[in-house]
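Work through the exercises below with the model open. Try each task before reading its solution.

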Amino acid sequence: MAKMFSFILVTTILVMCRESWELLFPSENEMHITLQALENCLQEQARLRAQVHLLETRVKQLQVKITQLLHEKEIQFLDKGEENNVIDLGGKRQYADCSEIFNDGHKRSGFYKIKPLQSPAIFSVYCDMSDGGGWTVIQRRSDGSENFNRGWNDYENGFGNFVQENGEYWLGNKNLHLLTIQGDYTLKIDLADFEKNSRYAQYKLFKVGDEKNSYELNIGEYSGTAGDSLAGNLHPEVQWWGSHQRMKFSTRDRDNDNYEGNCAEEDQSGWWFNRCHSANLNGLYYRGPYVAKTDNGIVWHTWHGWWYSLQSVVMKIRPNDFIPNII
């Protein structure tokens, strides 16, 4: 009996030792299976990492696309409040500009829908029905709430707050061209400083070229109280580099100026730069006198010079032959 027990004990010990040995020193076949499993695991990890990287890339691309869409005029800034409603005229007719809306009996200033004769789409614009009425506002600066340091596409399509009465916006170079090819338009620029003073500059002709000509600026005879900073009658030593007459539009990513550098990049705005400017109404929003590397504020040189940034600007246009319907 003792011999039998000893035999069983020895046999059990041998089996256990064999299993332990096999765990410590697996066979060649088992080693191959283990290595294959490890290789498969590493390949799966690499595949998952690649998928995660692809998803991260797609998310970043979507974020960029969303940002671009938010900057375009088709997705205009929508706030809440009573003043933010576009005035509904019932869709009885389409208007080419605000002068037609005014002469159709609508005398309230506010946002309306217009469609210039050659425009493929209707868009919102602020109509200033004061100051004789019928003015189509193409640009407004009021409080620095909107970023005007933008690229070509934004300036081409328009950007900003198209629903608030004092919202800042740029109507878009495409729309400026479509408006001003309808006929001869007058440009009026209303300016105000931080000391509660106001001036204006008016040009009898205002036309913006097409995309092929980089939205070239053409302006006519000046009148007003702010001085002729856009075209004109500057000192000859300033005029050759500061006049904006017949200048193409420039942005930081589309340099069309006459300067060896990039005016739009240095002055952080889009504008009809020369070498670089005597007026830049799309400049950075400072509060009066400022100090910077370049004269990159909201500048109207013939009134406050290059180192004073204005408080507010409104650029608005109306047909030269506009006769208000007072009935």
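**Exercise 1. A leucine and its surroundings**

In which helix does leucine 35 lie?

Solution. Leucine 35 lies in helix H2, residues 28-71. Helices (H or I, at least four residues) and strands (E, at least two) are DSSP runs, numbered from the N terminus. The model is predicted: local features need pLDDT of at least 70, side-chain atom pairs count only at pLDDT 80 or more, and totals for chains, interfaces and linings use all residues. Residues are numbered from 1 along each chain as its sequence is written, and side-chain values use heavy atoms, with hydrogens and water left out.

Next, look at the surface. Leu35, Leu38 and Leu42 form a nonpolar patch there. Together they have about 290 Å² of accessible area. Such areas come from the Shrake-Rupley method with a 1.4 Å probe; for residues, only the protein chains shown count as cover. Patches are made of residues with over 30% relative accessible area and no salt bridge, like charges being joined within 9 Å and nonpolar side chains (Val, Leu, Ile, Met, Phe, Trp, Tyr) within 5 Å.

**Exercise 2. Strand S2**

Solution. Start with burial. Buried means under 20% relative accessible area, exposed over 50%, partly exposed in between (1.4 Å probe, protein chains only). In S2 (residues 123-128), 6 of the 6 residues are buried, so the strand is largely enclosed by the rest of the structure.

Then sort the side chains. Phe123, Val125 and Cys127 point one way. Ser124, Tyr126 and Asp128 point the other way.

Now find the partners. Two strands pair if DSSP finds at least two bridges between them. S1 (residues 110-114) runs antiparallel to S2 over 5 bridges. Isoleucine 114 has phenylalanine 123 as its bridge partner. S3 (residues 135-141) is also antiparallel to S2, with 2 bridges. Here aspartate 128 is partnered by tryptophan 135.

Finish at the turn. The hairpin of S2 and S3 has 6 residues between the strands. Aspartate 131 takes a positive phi there, near 55°.

**Exercise 3. The disulfides**

How many disulfides does the structure hold?

Solution. There are 2 disulfides, each a pair of cysteine sulfur atoms within 2.5 Å.

Take cysteine 98 and cysteine 127. Their sulfur atoms are 2.0 Å apart. The link is left-handed, with -75° about the S-S bond. It joins distant parts of the chain: cysteine 98 in helix H3 (residues 98-103) and cysteine 127 in strand S2, 29 residues apart. Cysteine 98 is buried because its relative accessible area is 0%. Cysteine 127 also counts as buried, at 0%.

Then take cysteine 263 and cysteine 276. Their sulfur atoms lie 2.1 Å apart. This link is left-handed too, with -90° about the S-S bond. Cysteine 263 is in helix H7 and cysteine 276 in the loop between H7 and S11, 13 residues apart. Both cysteine 263 and cysteine 276 are buried.

Last, write the pairing. With the bonded cysteines numbered in sequence order, it is 1-2, 3-4.

**Exercise 4. Salt bridges**

Which residue forms a salt bridge with lysine 188 at 2.7 Å?

Solution. Side chains of opposite charge can pair when their charged atoms come close. The criterion is a side-chain nitrogen of Lys or Arg within 4 Å of a carboxyl oxygen of Asp or Glu. A search of the whole structure finds 9 salt bridges.

The partner of lysine 188 is aspartate 131, with the closest N and O atoms 2.7 Å apart. Lysine 188 sits in strand S6 (residues 185-192) and aspartate 131 in the loop between S2 and S3, 57 residues apart. Lysine 188 counts as buried because its relative accessibility is 10%. Aspartate 131 is partly exposed, at 37%.

Widen the view. Asp128, Asp131, Lys188, Asp190 and Lys316 are linked in a network of salt bridges.

Compare another pair. Glutamate 168 and arginine 141 form a salt bridge, with the closest N and O atoms 4.0 Å apart. Glutamate 168 lies in the loop between S4 (159-160) and S5 (169-170) and arginine 141 in S3, so the pair ties together parts 27 residues apart in sequence. Glutamate 168 is buried at 1%, and arginine 141 is buried at 2%.
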